Amino acid sequence: MSNYTGEKENLTDDLFIKRLHQIFDPISVPIILVNKETEVVMINESFANYLGYPRSQILGKKVVTVDPNTRFPYVIKNKQPEFAHKHKFINGHTALVHRIPVLDDDGEVVFGFGMVIFDDLKQLQQVLEKNKLLEGKLLIYQEELKNMRGAKYSWSSIIGNSMIMQDVKNIAAKAAKTDSNVLINGESGTGKELFANAIHNDSKRFDGPFIKINCAAIPKDLLESELFGYEEGAFTGAKKQGKIGKFELANGGTIFLDEIGDMPLEMQVKILRVLQEKEVERIGGNKTTPIDCRIIAATNRDLAERIKENEFREDLYYRLNVVNIEVPPLRMRKEDIEILTLKLMEKLSNSLGKYVSNITVDALDCLKTYNWPGNIRELENVVERAINMTDSETIEIQHLPPFIIAHNPNETVETTTLTSLRHAVDEVEKATILKCLKAVNYNKLKAAKILGISRTSLYEKIEKFQIEA
């Protein structure tokens, strides 16, 4: 650590740390300072007591040794602060914490500053209730309602530079400028919902509501009430005040009917009437309500075949299919796999709190040889698994699932065998740890001694193998 010079005295490292402790020890808020190697430089008495260790046993140690759940390595690596982050300490305490990287003039991390801003979430809840923060809660609910009724994605959310994707985005962008109904076709996991969101956000209705309903996920007998709403006393179990339907909620905006190919025939008739009459009638009601909303529908079904099978109305099909958008499966745009993988790695690294930024050429080539029946959703699952499997910042071919590697014609039998062997070793290690924990009634200190590893290593393996302990 460099010397720190004050106006009246030259502060050596030891004196600097002493001054920090003199400043922060009287403060009852737990505070910690780590260097760029995540070693504890300063920790006040309040924090040491909170963790349950003497300060002398903490100073100079890697912060992960006293708190295996710490996110300081990620914060320092990413250079991004975390404010009011919910954190569970290894002693069982749950708190809200700040973690802030301290940067020098060149933008490099010098320290990581941390503090516990609320060390008892139950107490925080009591404070909120006592102060009756109804106005604050109302603002939160209003913001949540806005998020629920708004489109989250734009054109920038749709990743892909391939010619076929550029053509599809061009068609969709033209459709956004009109008020015509749109039918989006594509296999599951191709991103049909992203297109629906982007079309709405780029349309003249962008400031209106965007209401989504999955026609396949809602039971047949509930779908009508979800779409059209109902009046008070319309049926047994109806809410006293009635309920507004999705079409009314979408007034002035867009309604997205996802998986419309699975909509029951009797409901298709009612949707057709809405399209023709531009009005809805609630269940149990006797008056109609005019509506002005654009319909975007999506399906992974072949609607032409559904029509032949008398499972989908031809007249509804033509009403919806004014502008048709065919979202290509991933196997038809494999040149996009690299950029998709890198974007997914960035997104998942942030959500998982594990910094992984590289992928080897062999691993990337392996991803490109697979046909991806689950499309982008399946690719995301594979990338997430790989991030969990790697112990470094790089995804290598052995971190991919065996079924992906098996489809790679360039992959040798020896590599596949190595992957299987590593998996076998992990299974044996997991079983041994679990057996030992059960034998000592889940006393982790005893288990670590019997296994011949440190307590920190044991915690890491428990987390790695997702052992309930």
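This is a predicted model: local features need pLDDT of at least 70, side-chain atom pairs count only at pLDDT 80 or more; totals for chains, interfaces and linings use all residues.
Residues are numbered from 1 along each chain as its sequence is written. Local features need pLDDT of at least 70, side-chain atom pairs count only at pLDDT 80 or more, and totals for chains, interfaces and linings use all residues, while side-chain values use heavy atoms, leaving out hydrogens and water.

Let's start with helix 11, residues 265-277; helices (H or I, at least four residues) and strands (E, at least two) are DSSP runs, numbered from the N terminus. Its 13 residues reach 19 Å from first C-alpha to last, close to the 18 Å expected at 1.5 Å a residue, where the expected span is 1.5 Å times one less than the number of residues. M267, Q268, I271, L272, V274 and L275 are buried in helix 11, buried being under 20% relative accessible area and exposed over 50%, with partly exposed in between (1.4 Å probe, protein chains only). These residues cover an arc of only 155 degrees around the axis, so they sit on the same side of helix 11; the arc is that of the directions from the helix axis to the C-beta atoms.

Now move along to helix 15 (residues 361-369), where A363, L364, C366 and L367 are buried. They line one face of the helix, because they fall within an arc of 155 degrees seen down its axis. V361 and D362 are exposed on the face turned away from that buried side.

Finally, look for the largest share of the lining of the largest pocket: six residues, supplied by helix 18.
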